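Colleague: Hi! Could you walk me through this one before I set anything up?
Modeller: Happy to, here it is.

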Amino acid sequence: MLRSRTWLWPLVSLLTACSVPVASDLPEGDANQALVALEKQGIAASKERDPEGEGTFRVLVAQADASAAAAVLAHENLPPRQSPGVLEAVGQSTMVPSRMSEHARLVAGTSGDLERSLRALEGVVSARVHLAVPPRDALALGEHHPETTASVLIRHRGATPPIAPADIQRLVAGAVPGLTPDHVSVVMTPSPSQNRPPDRGLSQFGPLSVAQSSVTPLRLMVGVIVLVNAALIGCMLLLWSRLRRAEAELAEARAGAPAKR
């Protein structure tokens, strides 16, 4: 049993060596989304901790599936574009901050937080929020201030939007002071469905689900390992048989030899 397990290590090492990363430096949530998207398209994938980033993960697929996996991730907008939130944007202040720069960072951070909230909705592929928030000067009395407006672009799966445009308007308007829902423009476009490649289905190999392109090499490798183990067992049986025969011949020789006085 120990010898059989030892011969499995080359198989595991070879399978690992044939995997390539298609996405790296990901939060665990984004890595899980990438795994789900790839498995829906019949591409076997796994995640592991990214050795080049602390607390991040990377997604691995078979080398033969790398191009198809990259196409799936690009179609699903994964990993999503990371927009800075309010805390990140304000934290990037310059040594000599100005009122305009701080205002711009606050607007950019608010847009990033809204995009993250919209992307968290089931069925949303990508979300972009553009805010036009003119700076207001409390000391400038009697001046006409431009109105605050916003534009939202949503790309979603399926023909039916996962959220009503009116709900998006209320969400955005509630996050921006001075913005009313009727000044929020919402554009929602369905993402074209991606045809599943006919040769990317998963096949069952014992307790494992592997890509069809990997079944034949895996069977050959397992067959070679079985043959090697069978050959080793045969050699051990032959050696054991010869050893027993030699012991029997030695015992007969001792029994037939005349006793010495």
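Modeller: A word on terms before we start: helices, of type H or I and at least four residues, and strands, of type E and at least two, are DSSP runs numbered from the N terminus. Keep in mind that this is a predicted model.
Colleague: Good. How many helices and strands in the protein chain?
Modeller: There are 7 helices and 8 strands.
Colleague: And what share of the 261 residues is buried?
Modeller: 29% of them count as buried. The accessible surface of the chain is about 17100 Å², with 61% of that belonging to carbon and sulfur atoms.
Colleague: Switching to backbone geometry, which residues does a cis peptide bond join?
Modeller: Leu78 and Pro79, with omega at about -5°. Pro79 sits in the loop that runs between helix 3 (66-75) and helix 4 (86-90).
Colleague: What is the phi of Asn77?
Modeller: Asn77 has a positive phi, about 55°, though it isn't a glycine. Asn77 also belongs to the loop between helix 3 and helix 4. Its relative accessible area is 23%, so Asn77 counts as partly exposed.
Colleague: And Asp25, where does that lie?
Modeller: In strand 1, which spans residues 19-26. Asp25 is another non-glycine with a positive phi of about 55°.
Colleague: Is Asp25 buried or exposed?
Modeller: Exposed, because its relative accessibility is 51% and the cut-off for exposed is over 50%.
Colleague: Last one: what about contacts between residues at least 6 apart in sequence?
Modeller: Of those, 64% join residues at least 24 apart.

How values were computed:
Residues are numbered from 1 along each chain as its sequence is written. This is a predicted model: local features need pLDDT of at least 70, side-chain atom pairs count only at pLDDT 80 or more; totals for chains, interfaces and linings use all residues. Side-chain values use heavy atoms; hydrogens and water are left out. Buried means under 20% relative accessible area, exposed over 50%, partly exposed in between (1.4 Å probe, protein chains only). Contact means heavy atoms within 4.5 Å. Accessible areas come from the Shrake-Rupley method with a 1.4 Å probe; for residues, only the protein chains shown count as cover.
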